[in-house]
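Have the sequence and the 3D view at hand, and try each task before you read its solution.

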Amino acid sequence: MSDRVEFAVMNGLGNKILVVDMRGRTDRVTPTAAIALAADSSTAFDQIMAIHDPKVDGTDAYIDILNCDGSKAQACGNGTRCVVQALASETGRKSFTFQTIAGILNAVEHQDGTISVDMGKPVFAWDKIPLSEEFHDTSRIELQIGPIDAPILHSPSAMSMGNPHAVFWVDRDPMTYDLERFGPLLENHPIFPEKANITLAQVTSKTTMVTRTWERGAGLTLACGSAACAAGVSAARTGRTDRKVTITVASSPGRGTLTIDWRADDKVVMTGPAEWEWSGMVDPATGSWQRDTSADAEAATP
């Protein structure tokens with residue numbers, strides 16, 4: 001078995017993704033490799049999406065997801081869009097079905113290049129999110145940062161989109177908050193036994209929102225698809241918006257947008273872009289890599 005496999009550096013609204021082709025192999029991308037790749041400025045990423053041979057009939061691939069600290073992630077919407085774009089370019093197909101730890105995901109690439117991913121159904125039960133304390137209503141849990149009589153952030157909506165999320169409602173641009181300071185404290189708060197993704201959400205109309213996210217296991221990120229889904233669902237659940245919203249991801253390049261549709265069948269569909277940057281070969285055990293300069297030259301050819 002060759003030491004190196006093909007990989008691509010991609011992004012979804014700036015969310016830095018490495019798509020690693022592990023098909024035809026029995027090994028995995030190791031935490032050691034993930035940490036080494038994350039530490040290199042050329043390959044620094046938010047999530048690795050490792051494509052494996054399917055384990056279940058009717059699926060096209062099993063996707064193993066790793067955070068930049070080497071830990072496992074259950075879901076990554078922006079990363080799934082990158083996988084779809086990569087496989088669509090390779091096969092010419094437009095529709096795919098993937099298996100992840102979080103379950104089965106269906107995705108389709110549209111004519112305009114945007115990609116929709118069915119992220120599944122939201123989970124609101126406190127012990128399924130999970131939370132360490134029982135809350136009858138998880139649309140507003142007791143958690144705050146700052147003075148008791150004047151908290152900076154408080155009363156988030158908690159839920160799971162295959163991974164745990166806490167959405168804090170703010171009344172100004174999320175970029176004006178010191179999320180880099182508060183994010184680690186909230187991600188690791190004892191109320192979240194499996195840690196949590198922390199999102200600041202500003203509702204600007206019944207159909208529009210602005211968000212920024214501290215991502216569990218990755219830190220301050222330019223974008224997080226599952227967090228956008230959690231924000232959209234939580235906003236509709238609490239009566240702040242309609243069930244279909246356009247979310248401006250404040251920290252993404254150019255403040256890009258995602259459309260989140262919490263459909264009548266309870267499934268959450270996220271639509272947005274994905275972008276290829278460059279490709280190469282990587283050792284999934286160690287993280288050593290080499291850039292494919294021929295692919296760069298081909299991409300630059302008019």
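A residue counts as buried when its relative accessible area is under 20%, and as exposed when it is over 50%. Keep in mind as you work that this model is predicted.

**Exercise 1. Decide whether Cys 82 is buried or exposed.**

Step 1: Look up the relative accessible area of Cys 82, which is 0%.
Step 2: Compare this with the cut-off for buried, under 20%.
Step 3: Cys 82 is therefore buried.

**Exercise 2. Find how many disulfides the whole structure has, and check Cys 76.**

Step 1: Recall that a disulfide needs two cysteine sulfur atoms within 2.5 Å.
Step 2: For Cys 76, the nearest cysteine sulfur belongs to Cys 224 and is 6.6 Å away, and Cys 76 is in no disulfide.
Step 3: For Cys 82, the nearest cysteine sulfur is that of Cys 76, at 7.7 Å, and Cys 82 is in no disulfide either.
Step 4: The search of the whole structure gives 0 disulfides.

**Exercise 3. Describe helix H2 (77-91): what is its span, and how many of its residues are buried?**

Step 1: H2 has 15 residues, and from its first C-alpha to its last it reaches 21 Å.
Step 2: At 1.5 Å a residue, 21 Å is expected, so the span is close to that value.
Step 3: Of the 15 residues, 11 are buried, so H2 is largely enclosed by the rest of the structure.
Step 4: Among the buried ones you can find Gly 77, Cys 82, Val 83 and Leu 87.

**Exercise 4. Explore the largest pocket: which element gives the most to its lining?**

Step 1: The largest pocket holds about 440 Å³ of space.
Step 2: Its lining has 18 residues, and Glu 6, Ala 8, Ala 86, Trp 276 and Ser 279 lie nearest the centre.
Step 3: Strand S1 (5-12), strand S2 (15-21), helix H2 and strand S18 (275-282) each give two or more residues to this lining.
Step 4: H2 gives the most, with 5 residues.
Step 5: Sorted by type, the lining has 9 nonpolar, 4 polar and 5 charged residues.

**Exercise 5. Where is Leu 13, and is it buried or exposed?**

Step 1: Find Leu 13 in the loop between S1 and S2.
Step 2: Leu 13 has a positive phi of about 55°, although it is not a glycine.
Step 3: Its relative accessibility is 11%, so Leu 13 counts as buried.

Note on methods:
Residues are numbered from 1 along each chain as its sequence is written. This is a predicted model: local features need pLDDT of at least 70, side-chain atom pairs count only at pLDDT 80 or more; totals for chains, interfaces and linings use all residues. Side-chain values use heavy atoms; hydrogens and water are left out. Buried means under 20% relative accessible area, exposed over 50%, partly exposed in between (1.4 Å probe, protein chains only). On a 1 Å grid over the protein atoms alone, a cavity is a set of points where a 1.4 Å probe fits but cannot get out, and a pocket is an open set with protein on both sides within 12 Å along at least five of seven lines; lining residues have an atom within 4 Å of a point. Grid points are joined across faces, edges and corners, and a volume is the space filled by probe spheres set on the points. Helices (H or I, at least four residues) and strands (E, at least two) are DSSP runs, numbered from the N terminus. Ala, Val, Leu, Ile, Met, Phe, Trp, Tyr, Cys and Pro count as nonpolar, Asp, Glu, Lys and Arg as charged, and the others, Gly among them, as polar.
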